Amino acid sequence: MQTLLSKASDDIINMACSLLKNGEVVAVPTETVYGLAADATNKEAIEKVFKAKGRPSDNPLIVHISDFKMLKKIVSEFSEDAQKLAAAFWPGPLTIIMPKSDYICKETSGGLGSVGVRMPANKIALEIISKSQIAFAAPSANISGKPSPTSAQDVYDDMQGKIPLIINGGQCEKGVESTVISVLNKTPIILRPGVITKEDIEQVLGKEVLIAKEITEETAPETKVLSPGMKYKHYSPNAEVYLVKGRLKQFADFVNSKTEKNIFAMCFDGEEKELKINSVCYGKEFDGESQAQNLFKILRQLDRQNASKIYVRCPKTTGVSLAVYNRLLRSAGFKIIDLNAEK
Ligand code: TXA
Ligand code: MG
């Protein structure tokens, strides 16, 4: 299949709408990461998404909407908590898990009784949804297991020849996927951290919310998880990634003693001058938003540079940095080197 990579114009938007209507898959920019969009009500279209990504079919997709009329068709209940969250954060990087109606097909929701919905804060994505009147399901537009794509070129690298159209909307503003929160129970629970934090959500709801323990811990293979996506290997570049805890001085001593070929350090801005191996800065130490913007971009860049190992300065586990920590932990396959624990 020929893959057209193009900037958004009226013609391209119209082309995207008719492709979606015809059950095809289109890569679309959002404010978080690029998505692989297909009609959430069309079983064959959704099967094409799973196939293009190589994704296990029990891992449900997020449905993207442009208005509340669409939401009413998709969910069977729009609780008070959900209403408050939608009013505060939509359009924006928050996915709310709610009980589903029969409108979307069961392939979209991976056979679950619930569905994750969000209204993306991206002009191109919103225009396609409202023009086509198609609520599209869209997972991140990467091959399953790879770092999520934050530029159209990243999508092209993974999806060339597999889908007919990739719309280039430039670099994604946020850089990590949406926060996923379930409001199925009285106490909401965050299933995936993002740039909208626990504190942001608690302030809007006026009550405490939980954080799923899988966000920071490895789960045994047989455990039942709240979100199927938690089970799978994720965000991994070809290089082996190690998350390194400790102070800058300890980190510098550790990596500077390494002599292997093609190894890289990912450090915070300004720290590169302390390091004798190749290094890339991925944001300011206490600024999770800047780290989030750069994280996937850099992991993909290091793959293009044939990195064999990447040692990463460990971010904080609070605020937006929790999202960065969560993605890095999975990129690293939970390999942590704690320099504080060593003498
Ligand atoms: O920012 C984003 O959310 C991007 C853009 C394209 O919108 N999309 C995205 O989709 O990250 P995906 O498919 O890569 O991640 C969806 C996550 C998965 O971890 C999945 O398990 C979880 O959301 N999820 C979806 N529906 C769910 C449900 N009903 N219950 C629990 N978890 C759900
Ligand atoms: Mg994904």
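Author: A definition comes before the questions: two strands pair if DSSP finds at least two bridges between them. The model discussed here is a predicted one.

Reader: In which sense do strand 12 and strand 16 pair, and over how many bridges?

Author: Pairing needs at least two bridges between the strands. Strand 12, which covers residues 240-245, meets that requirement with strand 16, and one of the residue pairs joined is Lys 245 with Asp 338 of strand 16. The two strands run in the parallel sense, and the number of bridges is three.

Reader: What is the order of the strands in the open sheet of five strands?

Author: The pairing in this sheet is parallel, and its edges are strand 14 (278-281) and strand 16 (336-338), each of which pairs on one side only. Neighbouring strands are turned against each other by 25° on average, with direction ignored. Read across the sheet, the order is 14-13-15-12-16.

Reader: Which strands form the edges of the open sheet of 11 strands?

Author: In this sheet the pairing is mixed, and the strands follow the order 1-8-2-3-7-4-6-5-9-10-11. Within it, strand 5 (residues 94-99) and strand 9 (residues 179-182) run parallel and are joined by four bridges, with Ile 96 standing opposite Ile 181. The strands that pair on one side only, and so form the edges by that definition of pairing, are strand 1 (4-7) and strand 11.

Reader: Why do the buried residues of helix 5 line one face of the helix?

Author: The buried residues of helix 5 (residues 123-132) are Ile 124, Ala 125, Ile 128, Ile 129 and Ser 132. They pack against helix 1 (10-21), helix 3 (68-74) and several strands, including strand 2 (26-28) and strand 8 (165-168). They line one face because, seen down the axis of helix 5, they fall within an arc of 130°.

Reader: Which residue caps the N-terminal end of helix 5?

Author: At the other end, helix 5 is followed by Gln 133, whose phi is positive, near 55°. At the N-terminal end, a side-chain oxygen lies 2.9 Å from the backbone nitrogen of Ile 124, and the residue that supplies this oxygen is Asn 122.

Reader: How many residues apart in sequence are the parts that the salt bridge of Asp 81 and Lys 207 ties together?

Author: The side chains of Asp 81 and Lys 207 meet with an N to O distance of 2.8 Å; Asp 81 is buried at 12% relative accessible area, whereas Lys 207 is partly exposed at 31%. Asp 81 lies in helix 4 (residues 80-89) and Lys 207 in the loop between helix 7 (198-205) and strand 11 (210-211), so the parts tied together are apart in sequence by 126 residues.

Reader: Are the partners in the salt bridge of Asp 158 and Arg 300 buried or exposed?

Author: The N to O distance in this pair is 2.9 Å, and the pair links helix 6 (residues 152-159) with helix 9 (residues 288-304), 142 residues apart. Buried means under 20% relative accessible area. Asp 158 has 8% and Arg 300 has 7%, so under that cut-off both partners count as buried.

Note on methods:
Residues are numbered from 1 along each chain as its sequence is written. Chains are lettered from A and ligands numbered from 1 in the order in which they are written. This is a predicted model: local features need pLDDT of at least 70, side-chain atom pairs count only at pLDDT 80 or more; totals for chains, interfaces and linings use all residues. Side-chain values use heavy atoms; hydrogens and water are left out. Axes are lines fitted to C-alpha atoms, for helices over the stretch in contact, and angles run from 0 to 180 degrees between N-to-C directions. Buried means under 20% relative accessible area, exposed over 50%, partly exposed in between (1.4 Å probe, protein chains only). The arc is that of the directions from the helix axis to the C-beta atoms. Contact means heavy atoms within 4.5 Å. A polar contact is a pair of N or O atoms within 3.5 Å; within protein, one must be able to donate a hydrogen and the other to accept it, and residues adjacent in sequence count only if both atoms are side-chain atoms. A salt bridge is a side-chain nitrogen of Lys or Arg within 4 Å of a carboxyl oxygen of Asp or Glu.
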